[in-house]
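I opened this entry to record what I looked up, piece by piece. The structure comes first, then my notes.

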Amino acid sequence: MIKKVFDLIKRARGKKGDQQKQTKAGNVFKAKYTAFKRLLDSNSEFLNIQAEIEEKLRGDSLLGMGFVRSRSTMAVYQAMRMVQSLNELTNNKYKQLMDALADINSGIEALLEDAPAVTTDKYILDYDAITKDMVESVGGKNANLGELKSRLKMPVPEGFAITTRVFYDVFEDNDFFEEIKKIRMEMDLEDISSITAGSEKIQKMILDARIPGHIEKAVLSAYQDLVLKAGRDRDNSGDVRVALRSSAIGEDGELSFAGQYVTFLNVTSDQVIKTYKFILAGLYIPRAMVYRLNKGIREEDTAMSVACLEMVDARAAGVMYTRHPIEWSRDLIFINAVWGLGESAVDGSVNPDTYIVSKEKDLEVLESVVGDKEKMLVPRSDRDGLDQKDVPEYLRKSPCLKPGQIKELAGLGLKVEQHYQAPQDIEWALDNDGKMRLLQTRPINYLPENLTRQATLNIQVSTDHEPIIQGGAVASQGVAFGPSFHVTSRKDLDDFPKGGVLIARQSSPQYAMVMPRAGAIITETGSVTGHMASLTREFNVPAILGVKNAMKLIPHGLEVTVDAYSGRVYQGRLDSILAFKRERVSSMVNTPVHNTLKKIAKFITPLNLSDPSAANFTPEHCETLHDIARFVHEVSYLAMFQLSDFVSDHGQISMKLDVSLPIDLYLIDLGEGVKNVPPGSSKAAVENIVSLPFNALLNGMLHPELRWNQPRPIEWKGLFSVMGEQLLKPQMGQERFGDRSYAIISDKYLNFSSRVGYHYAVLDSYCGTNVNKNYITFAFKGGAADDQRRNRRVKAISLILEKLGFVVKVRNDRVDSRYRKDEQDEIEARLDQLGRLLIFTRQMDMLMLNDRCVKLFADSFLNEDYTLECFYERADASQGKS
């Protein structure tokens, strides 16, 4: 009796120990998956940052040190996060990557410390002394207005900039920087109410602050100089009114900040200093703080300059787009106009006039639609501020501008666009003396770059030539002509011709090997923020991605003209397009900020490790952040792929899937892979599965036409081959695996290992909406038949995988394959096919009678002849011939 009690206690302790082991193993799985997911997130973020840096290196948009500092810091952070995640995944196998990262970071920090701060010691700068490359000193709005006035001699109102030096001195004098940091530390950045409360504290602090006397004196002195320059008569109170407008670093440049900051119109002389403080405080109004937060802009890189302009008592005003905001492929200028001040045109409160002007026909007004303009804004005469008034009845439906004035305004806009070489969003006003004034200009960032060329190309060729393909995403702009060259394997790159147009199913960084001699690259899939897209910009190779059926529509060897402005490809040589094959002049190139970015980018964007099979594909050879990202990305797949080796020793942490399949399938849920399964349950049903990749794989495995449970005809030689291998050669290294199969799953992740009898298959996949993260890796090895038959089966499997778009490598009786960076539905479709293949290939090695059977077997699968009727007929026929 006592012995039985001790036995029960012993068994209970044993169960408790098993449970602890199971819990520990489950935690290992979840920790590795969490690290892998974090790695993929950081890789995607890094690629986005890299794409932004490469676009800025073009030099055709305003650029400040705020961008350089923030993107450099973010790039290093994401690379470090990837390295840490990889080491968590591999038990610190790649510690030396941290040394490489530290060296790269030191180089970047040294450049940031030595980088020239594009600023000034002056408190005031007149517009005659300001140019577009002084963004750090005067902000985006002032830099653009100064450029218009000082270099283009455009009709800009008299004015001056209160520089960012004033901002820094005021904030340092009042110890604002430290106080703002403290307030921000208390804020919940995901809670708008918390941000609002913090904003109010910061604004009150600034509004209560004292402006140092010498700064106040400098601002008021500049105001008096403006009065003299403007030559304006004082109003009845002996005052001259001005407009004070925000001009923050980053505003009206790479980001518009449209409507985020504040403007004050019709300001009297006694309110200038007070209003200046309101604009400084406006840097921290809730909407501005949330905007910067969502755009990833560090507060440390934010500073406010202020524009002080003579107030234009406008008869009419509005907005001009030098490119039609909708019909951007046509050379049209789009103008809105209202009576009075232009704020009502900007905020949409008044139905404006609309004028469409042609650039092609001597600025002819093609269309004039007169709005019913009920209200107008005018400056108050008795004090500062504005009044909204009714528009006189006779003016409501009258055009604000005469044809000559429209043409004059369009001409000014065209000059500005030509100067910046980019479409512009311009605010304008017509004063009561009939003089046109430009009040603001900023680039239209959402339209394609180099739009003038694109529109010209469209007009020249679209009516006379039909493209072979059109659409897709332009990853790198340019034009090219050459013979198309299909690339389906790495070996094809050895024969790539100079000037050829590379056509491929998927984008791949290995194409960097031929980019110096490639005319252009076109792929059926790919992301403009992916590794290859970054490389095409680095090598300045025109590239169009995401072109469906490109390999079918562009036959190998066909000579084509590529227009990577509009995303079109034409058969033959089109000189009208190739005439545009020249370098574009950039507006920011060789400015101090651009040169600093260019130096720092050498530590970030170049890719030296493009070939994983090369001897230099090691941590020690990582010279840039891109190298580290590429190395980590590659190695991480192998680390996750090997998770299945851990499964066999920890099977008891899983639950069995209740499904009609010829394998015992067990699940390990890393989170959100199953639903409605009670905690501690040992079983799950197919309807409980919510993992996207596993569901797709199961759909294939359960395909009704596979009929795995029905007998197949026996090929006796193959059967005897199997028996012979098992009975006569048991010591030849053939490993017999366990009978369980495992699926490690989450909502978007799957690691599937099927090790049955004498073969195994391992599949690893991520499947979601982010193209950059999506991938499938698949390996198959072994079998019970002789070497020759096993090798034939693997060759047949490789043929099938290649037809499905996988990159495939075969060694003896093992096949390894990879499919990456495609849309979710394409990943799911291939997982479905792999599910079918796993069931279809069971015991197929014994059917591999001869080499002809390899293609016959592959064709049977691809033609969905899962009963193998055609296979047996054709195999018999081929055997008879031999």
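Which backbone oxygen lies 2.9 Å from a polar atom of the side chain of Thr90? I found that it is the backbone oxygen of Leu86. I count a polar contact as a pair of N or O atoms within 3.5 Å; within protein, one must be able to donate a hydrogen and the other to accept it, and residues adjacent in sequence count only if both atoms are side-chain atoms.

Before going on, I noted that this is a predicted model, where local features need pLDDT of at least 70, side-chain atom pairs count only at pLDDT 80 or more, and totals for chains, interfaces and linings use all residues. Residues are numbered from 1 along each chain as its sequence is written, and side-chain values use heavy atoms, with hydrogens and water left out.

**Thr90**

I placed Thr90 in the loop between helix H2 (65–89) and helix H3 (96–114). Helices (H or I, at least four residues) and strands (E, at least two) are DSSP runs, numbered from the N terminus. Thr90 counts as buried because its relative accessibility is 15%; buried means under 20% relative accessible area, exposed over 50%, partly exposed in between (1.4 Å probe, protein chains only). I also checked Ala35, 55 residues from Thr90 along the chain. Their C-alpha atoms are separated by 9.9 Å.

**H5 and H6**

Next I took helix H5 (residues 164–173) and helix H6 (residues 176–186). Their axes come within 6 Å and cross at roughly 75°. Axes are lines fitted to C-alpha atoms, for helices over the stretch in contact, and angles run from 0 to 180 degrees between N-to-C directions. From H5, Phe167, Tyr168, Val170, Phe171 and Glu172 meet Phe176, Phe177 and Ile180 of H6. Contact means heavy atoms within 4.5 Å.

**The six-stranded sheet**

I then traced an open sheet of six strands, in the order E9-E8-E7-E6-E12-E13, with antiparallel pairing. Two strands pair if DSSP finds at least two bridges between them. Strand E9 (365–369) and strand E13 (436–443) stand at the edges with a single partner strand each, so one side of each has no neighbour in the sheet. The twist averages 15° from one strand to the next. Inside the sheet, I followed strand E6 (residues 314–321) and strand E12 (residues 424–431), which pair over seven bridges. Met320 stands opposite Ile426 in E12. Helix H13 (residues 403–420) lies across the strands, including E6 and E12, and runs at about 35° to E13.

Last, I looked at strand E22 (residues 655–658) and strand E23 (residues 664–671), an antiparallel pair with two bridges. Met655 has Leu667 in E23 as its bridge partner.
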